[in-house]
Amino acid sequence: MGALWVVAEPGADGGIARVSAEAATLARDLGASTGRDVIGIVIAADPGIAAKELATYLPVVWAITEPEAAEHAWSAVAAGHIAALAGEADQPDAIFVGAGADGRDLAGAVSALTGVGVLVNATAVTWTDGGPSVEMSVFGGKLLTTSGFTGGRGIITVRPNVTTATPANAPGKVEARASKSAARLPAVRVVERVSEAGAQAPIEEAKIIVAGGRGVGGPDGFGIVEQLAAELGGAVGATRAAVDSGWIPYSQQIGQTGKIVKPELYLALGISGAIQHKVGMRTSGAIVAVNRDPDAPIAEFADLFVVGDLFEVGSALLEQLRARSG
């Protein structure tokens, strides 16, 4: 019986990405139900911080020191180590990685190096006699599919926000590890790192999101969205229509072709609720929508639907919030 591996993507300040903590939680629960060992893997120039963080979710974490990860694209560097480890005696039954930009690159590279298959954007994973059974959302969330690997083993990328990252009851142990002969991919040197000016915490991690759609009418209309987000201590989101119109950066887009979010509160202003947007926010704790159209699709799945002008409702809400804060 092979183990389950979780490869952590690099996050801010030397830690791990949030989606890696979610993937670790999913794999840990699966390991507990199937009796399989679950092992985390951190590959970095200095893996100490990330390995310690991952160990709060998993019983064992392998820390691999790779100096080239500091100045080169992480996925290409990490893929060689994962492929080498997977080629050793104790092959894993499944390799889990978050479906972030680095995770997707890593999955493809490891697949090319090892010949094992990849199932992407998993929303749930169970185990059958034939190996992992992976549930995936397709066609903009209209259908769910269940797939497995013909060889019984493979790589699974876990979609962000499909599970809640939950630390284990007790922290695990970190072990220094090295792959015997890391397979080498062409190194891609990072020549410049650009941080978005005034960037807040990633929208995927926000507990409160105030989002605007085509109904805000233009870039000036996002003023009320931004003010409400600031007053609530949340983040600003948007639909693809607003992003395509140039009203707000792509980094704030939520939906099938944007970010997948799971806030405790999702306040939607002027958003119709098309399926492509619903896919990105439907797992929110509470959805409150304001729209002038009583027949807007979002009315079907919002917890509270207000029929009215978003600027009037938004201004009244803003006034009440400011009055409360004094």
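These legends accompany close-up views of a predicted model. Local features are taken only at pLDDT of at least 70 and side-chain atom pairs only at pLDDT 80 or more, while totals for chains, interfaces and linings use all residues. Residues are numbered from 1 along each chain as its sequence is written, and side-chain values use heavy atoms, with hydrogens and water left out.

**View 1. The largest nonpolar core and residue V6.**
The largest nonpolar core holds 31 residues. A nonpolar core is a set of buried Ala, Val, Leu, Ile, Met, Phe, Trp, Tyr and Cys residues joined through side-chain atoms within 4.5 Å. Buried means under 20% relative accessible area, exposed means over 50%, and partly exposed lies in between (1.4 Å probe, protein chains only). V6, L54, F96, V125 and I156 have the most contacts inside this core. Helix α1 (residues 18-34) supplies its largest share, six residues. Helices (H or I, at least four residues) and strands (E, at least two) are DSSP runs, numbered from the N terminus. Another core, of 24 residues, lies apart from the largest one; A3, A78, A79 and L106 are among its members. Contact means heavy atoms within 4.5 Å. Not counting residues up to four places away in sequence, V6 touches S20, A23, A24, A27, V38, I39, G40, I41, L54, L58 and F96. In soluble globular proteins, nonpolar side chains tend to be buried together.

Helix α4 (residues 101-114) has 14 residues. From first C-alpha to last it reaches 20 Å, close to the 20 Å expected at 1.5 Å a residue. The expected span is 1.5 Å times one less than the number of residues in the helix. Which residues of α4 are buried? They are G103, L106, A107, A109, V110 and S111. The buried residues of α4 pack against β1 (4-7), α3 (74-86), β4 (94-98), β5 (117-128) and β8 (154-158). Just after α4, G115 takes a positive phi of about 85°. Helix α3 has 13 residues and reaches 18 Å, close to the 18 Å expected. α3 is mostly covered, with 13 of its 13 residues buried.

**View 2. The second largest pocket.**
This pocket has a volume of about 440 Å³. On a 1 Å grid over the protein atoms alone, a pocket is an open set of points where a 1.4 Å probe fits, with protein on both sides within 12 Å along at least five of seven lines; lining residues have an atom within 4 Å of a point. Grid points are joined across faces, edges and corners, and the volume is the space filled by probe spheres set on the points. The lining has 23 residues, and P10, A69, A70, W74 and R193 lie nearest the centre. β2 (38-44), α3 and α4 each give two or more residues to the lining. β2 gives the most, with three. By type, the lining divides into 13 nonpolar, five polar and five charged residues. Ala, Val, Leu, Ile, Met, Phe, Trp, Tyr, Cys and Pro count as nonpolar, Asp, Glu, Lys and Arg as charged, and the others, Gly among them, as polar.

**View 3. P132 in strand β6.**
P132 is found in β6 (residues 131-138). P132 counts as buried, at 3% relative accessibility. Beyond four places in sequence, P132 touches V125, T126, W127, S147, G148, F149, G152 and I156. P132 and S147 are 15 residues apart along the chain, and their C-alpha atoms are separated by 8.4 Å.

**View 4. Two asparagines with positive phi.**
N121 lies in strand β5. Its phi is near 55°, a positive value in a residue other than glycine. N121 is partly exposed, with a relative accessible area of 34%. N161 lies in the loop between β8 and β9 (173-176). N161 also is not a glycine, and has a positive phi of about 65°. Is N161 buried or exposed? N161 is buried, at a relative accessible area of 3%.

**View 5. F222 and L232 in helix α5.**
F222 is found in α5 (residues 222-232). F222 is buried, with a relative accessible area of 1%. Leaving aside neighbours within four places in sequence, F222 is in contact with G212, V216, V236, G237, A238, A242, W247 and I248. L232 is also in α5. L232 is partly exposed, with a relative accessible area of 24%. Its contacts beyond four places in sequence are I208, V210, L267 and L321.
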